[in-house]
Each structure stands twice: as structure tokens, then as C-alpha cells.
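This briefing concerns helix packing and the placement of aromatic side chains. Please consult the sequence and the structure shown here alongside the points that follow.

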Amino acid sequence: STSPMSMTTDWIFPIIIGTAGVLALWWLSRGSQLQQAYCLEIVGIKNRQQLVSRLSQDDADDWVWGVLQTIRKHQPSPQVAESFLETIVLVMPDHSRLSLVKRLIAEEVKATETEATLFRANAFATKAMTKISQQVGQNYLDNLLGEFVAELCKKNEDMEVFPSRIEEGGSVEKNAENVEKAFTLFFQRLTKSISDLPWQIRLMTSELHKESVKSFPNASQTVIGGFLLLRFICPAIVVPSKIRSLETTPNARVQRGLIIIAKILQNISNNVKWDIKEEYMVQFNPLIDRYISEWNKILEFLCQDVVVPTNTSRTAKPGTAPEYDIIEKGLASFTTKNK
């Protein structure tokens, strides 16, 4: 027979579970303001003004590092931590966020077992450096690429070198010559402008060198080239809409040429030549031999120590910056799930 206590448990337990579920849904539906308030309290901050103040303190990098580690410890998915990191580095003052980047670089090197995988994945250090370089380097990209892409648009020369895509009446040989002329023009601009690279980016490349050689003596130049080109310059080449000074939208011809220029640049960075896998690009292997020496000089420059300007701001961005909305939303999502 069934006892009265057992019968009571049979019907009351589902009610308790159901009520808990309703309360959970109610909590999640209360809106972002309550969640944001809770997430700020959980890290010892009562409002946005205090958050700005906390990020302006000398040990802001220690504080952000601690919050980041807490998120990573309790959140299996890296997306919340990545979103928090990628956004908060945009509002932190330079001295703090670059100190944070140094920690992330050292962490990545220490956790990497083989040279081939060093900074190859979307590691936290890579994401932070990419965001910072995009923020501080926009003027540099405008100056490097604006006139160059505008000139390509004006000439509108065919730079397609894949045989089956050649326009009627065109030739691979002539188009390859156009590519070589365009690449030479770009590389000359890169060589002349590299000293104008923002000091924040140079400091990060210098730190990449210092940390990489500790465990992988031959990897630093590949790592620096991968960051500077793959994460910073090449995205602006293949998506020229990011160039603010460009008034003309490149057509399909020019766009294709820019993609090929980016491919050549990346192979020079890696000192890798094309083979039968991309046979149509083998004709550009001589360009690698021609410019590898100049590229190595650029890398040597990027490995050098950087003097931080004395007038560097030590104050976080004002609380009106839109990035704070993203920070609060991301932390609220995390803290709500882990309350």
C-alpha cells in the first residue's frame, strides 16, 4: 500500500519544481537593468561611474584579470569571457590594457606545446590585441591604404590570374604584371609607413617577440607577422569599406586584385611559396624572394623595445561610451546564469 506521506510527495514535488521554473523564467524576463545592477554588485561595483573609476586605477589590469578568470572558471563556453575581454579593452586606459595583454600573451605561450600552434587559434591574447589594434590603428590604415586603393580604382586594371576566370581578350601574363605593379606600390607604402605604426601596436609586437622566444626561439617573427597582417592589415585590404578615407567603392576587378595582394603578403610573412595546390599563384613566388629581405627588416623593427609616451592617459573612457552597455550585458548574462 502507498503511505499518505508518499502520496503527498507525489503531488507536491512537481508543484515545487514547476514553481521554481516559473520563478527562473520570471527572473530572466525582468529585463537588463536588474541583471546589470546585479552583475555590477557581484564584482563590487554599484554603478557605471564606479566602473569607470575602477578602470582608471593603476591596478585596473589586476581587477579585470580577476574578473576574467572568474568568468572562465565558471563558464564552460568561452564566448562570455571573450565578449567581456574584447569590449573592456576598448574602454581601459592604455597602460592598464597593455599590461593585461602582456599577461595574456605570457599565458598563451606557456599553454602552447608546439611552435606550429602558437597564437594560431582565436586565443584571448589574439582577440584583445586585434580589438586594440583596430581601435588605435584606424588612422594608420587610412593613410596606408586610402590613396593606394583609390589609385587601383582609377586605373581599373584586370588582376585576375585564375585561368578559367580571365576576361575575353585578356591574358594571365598581362594580369599578373598588373598584380606585380600593384603589389610593389603597396609594399613600398608599407615600408615607408611602418615607423608611423601606433606605439600601442608596436608595444604588442615587441611583447610578442619577448615572450615567444622564451619557449620558441624561431617563432617570434612568424607570430608578429601573423598578428600584424592576418589580424590588422589584411582585413582592411580585402574589405576596403573599412578605409574611411576611401571615397570610391572598388568594383569586382579591383576587389579581386586586393585579395590576391593580401595572399601574396601573407605568404611573404610566412616565407612560404606556392606549389601545385594553388598552381595559378606559383608565378608570384619570385615576389617572395624579392621582398623577403625588406619584410625581415620590418619585423626586426617591430621586435624592438618601445618607449611609452609620458602623456599617455590613465583614465578610462567616459561612462557614456557605448561599450559599457555591452560589458554590462555580458556580465549580466554570466552572473544571472551563475547566481
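The coordinates belong to a predicted model. Helices H7 and H10 pack with their axes 9 Å apart, and the structure holds six aromatic pairs.

**Packing of H7 and H10**

- Helix H7 covers residues 124-136 and helix H10 covers residues 199-215; the angle at which they pack is about 150°.
- Angles over 145 degrees count as roughly antiparallel, and H7 and H10 are therefore roughly antiparallel to each other.
- On the H7 side, the contact involves Met-129, Ile-132, Ser-133 and Val-136.
- These residues meet Gln-200, Ile-201, Met-204 and Leu-208 of H10.
- Sorted by class, the contact of H7 with H10 comprises six nonpolar residues, two polar residues and no charged residues.

**Aromatic pairs**

- Among the six aromatic pairs is an edge-to-face pair formed by Phe-183 and Tyr-291.
- The ring centres of Phe-183 and Tyr-291 are 5.6 Å apart, with 65° between the planes.
- Phe-183 belongs to helix H9 (residues 172-193) and Tyr-291 to helix H13 (residues 285-303), so this pair ties together parts that lie 108 residues apart in sequence.
- Both Phe-183 and Tyr-291 are buried.
- Phe-183 and Tyr-291 also belong to a cluster with Phe-187, linked by ring pairs.

**A charge over a ring**

- Arg-165 is placed over the face of Phe-162, at 4.8 Å from the ring centre.

Definitions and conventions. Residues numbered from 1 in each chain as written. Predicted model: local features only at pLDDT ≥ 70, side-chain atom pairs only at ≥ 80, totals over all residues. Heavy atoms only, no water. Axes fitted to C-alpha atoms, helices over the stretch in contact; angles between N-to-C directions. Helix = DSSP H or I, 4+ residues; strand = E, 2+ residues; numbered from the N terminus. Parallel < 35°, antiparallel > 145°, perpendicular 65-115°, else oblique. Contact = heavy atoms within 4.5 Å. Nonpolar A, V, L, I, M, F, W, Y, C, P; charged D, E, K, R; others polar. Phe/Tyr/Trp six-rings, centres within 6.5 Å; stacked < 30°, edge-to-face > 60°. Buried < 20%, exposed > 50% of the residue type's maximum accessible area, 1.4 Å probe, protein only. Lys NZ or Arg CZ within 6 Å of the ring centre and 35° of its normal.
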